[in-house]
Amino acid sequence: MTVLSILGAGKIGGEVAFLSAATGIAGEINLFDINKPLLEAQKLDLLHTGLDITIDTDPENIRNSDIILFAAGMARNPQIKTRADLLDVNIRVASECMKCISGFDGVFITVTNPMDALNYYLCTKGGIEREKCIGFGGQLDTARLHLFLKEKGIAPDNTAQALGEHGEFQVPIFSGLEDEVPTDLREEILIKMRGASMPVIKGKGGTVFGPAQNIVDLIRIISQDLRETVPCSCALDGEYGISSCSIGVPAVIGREGILRIEETNLDEWETNKMKEAAEHLKTLCGRF
Ligand SMILES: NC(=O)c1ccc[n+]([C@@H]2O[C@H](COP(=O)([O-])OP(=O)(O)OC[C@H]3O[C@@H](n4cnc5c(N)ncnc54)[C@H](O)[C@@H]3O)[C@@H](O)[C@H]2O)c1
Ligand SMILES: O=C(O)C[C@H](O)C(=O)O
């Protein structure tokens, strides 16, 4: 039975709690939020499903979980242009939440934006091994990439993944596709990927179903030790020639976290975009 802790019981935290309970992926969920009325409401709403799930709200028990999901902090609104603009405010939230995780030795998933920088922050300052710190966002960006490819009549396959930053410096991989994707079309799709979440944020206050479904898939891969390749943010130590930041790469994920980082062949356009993403992320990570 997987014990899942969720830091931040807002839109993402609440939906992941519900989906994990409804699909039976978690047997016990520990919820944590500074907003106590919201925390209590989420707990009651989950219990009213009648599902066979234990909901705990004692922060002392968080460190004993198998998986912790970090989804606490501020989300973008239409006035906040990029995810990186959330760094200062959400570093303070990450720093507060770190108090609950000392002694934790399970797998940590970072969702809060800017996700790559915060994953690196929690890994380096939170004392969690880099193999156990997984940044979520690449699966969501990949789902969006597949939609845009289909719109252009190009059949996506599993080589078409979104790497790089979960943000302005995303790196869609086109070179493994059967169809040749010319540079102007790559740039057009990249612009669409950068803007993909904003209509959802404008229309309903935040992205929920897309992230939550993919987060629960990631939790399933970890808890069932499925050892699948997932595009996710990892603190690199020389892989792809990159270090000193966390960045989206394909990684084999299992119960122990990141089992292996796959170094796939990138073409020149992709290599240059990865370099730009790494420079941007190293600058963000250099701020703490
Ligand atoms: N990586 C991704 O793909 C992805 C996808 C969607 C959202 N996000 C990010 O996830 C985060 C959460 O988004 P959301 O839509 O659920 O926001 P939300 O506002 O609905 O929920 C955030 C919750 O965090 C809580 N919180 C704030 N400070 C806290 C603290 N110090 N300790 C504990 N709890 C605290 C708030 O009370 C709130 O309930 C945002 O940063 C958002 O940008 C990332
Ligand atoms: O775009 C955002 O700010 C939310 C999230 O990172 C997303 O991609 O849906």
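How many helices and strands does the protein have?

1. Fold content. The model is predicted. Nine helices and eleven strands make up the count for the protein.

2. Overall dimensions. Along the principal axes, the C-alpha atoms fill a box of roughly 50 × 40 × 35 Å. Buried residues account for 45% of the 288 residues. Of the contacts with a separation of 6 or more, 70% join residues 24 or more positions apart.

3. Position of the ligand. Ligand 1 lies between domain 1 (3–135) and domain 2 (138–285), because both domains give residues to the shell around it.

4. Make-up of the shell. There are 34 residues around ligand 1, and those that come nearest are Gly8, Gly10, Ile12, Ala72 and Asn113. By class, the shell holds 18 nonpolar, twelve polar and four charged residues. Helices α1 (11–22) and α3 (87–98) each supply at least two shell residues; α3 gives the most, with four.

5. An unreviewed UniProt entry places the feature "active site" at His166. This histidine is found in the loop between β7 (162–164) and β8 (170–172). Histidine 166 counts as buried because 30 C-beta neighbours lie inside 10 Å, against a cut-off of 20 or more.

6. Contacts of histidine 166. Leaving aside neighbours within four places in sequence, histidine 166 is in contact with Arg83, Met115, Asp116, Gly137, Gly138, Asp141, Ser233 and Gly248.

How values were computed: Residues numbered from 1 in each chain as written. Chains lettered and ligands numbered in written order. Predicted model: local features only at pLDDT ≥ 70, side-chain atom pairs only at ≥ 80, totals over all residues. Near = placed C-beta within 6 Å. Nonpolar A, V, L, I, M, F, W, Y, C, P; charged D, E, K, R; others polar. Domains from an automatic or database assignment. UniProt positions renumbered as here; feature names shortened; annotations may be inferred. Buried ≥ 20, exposed ≤ 12 C-beta atoms within 10 Å, placed from the backbone. Contact = placed C-beta atoms within 7 Å.
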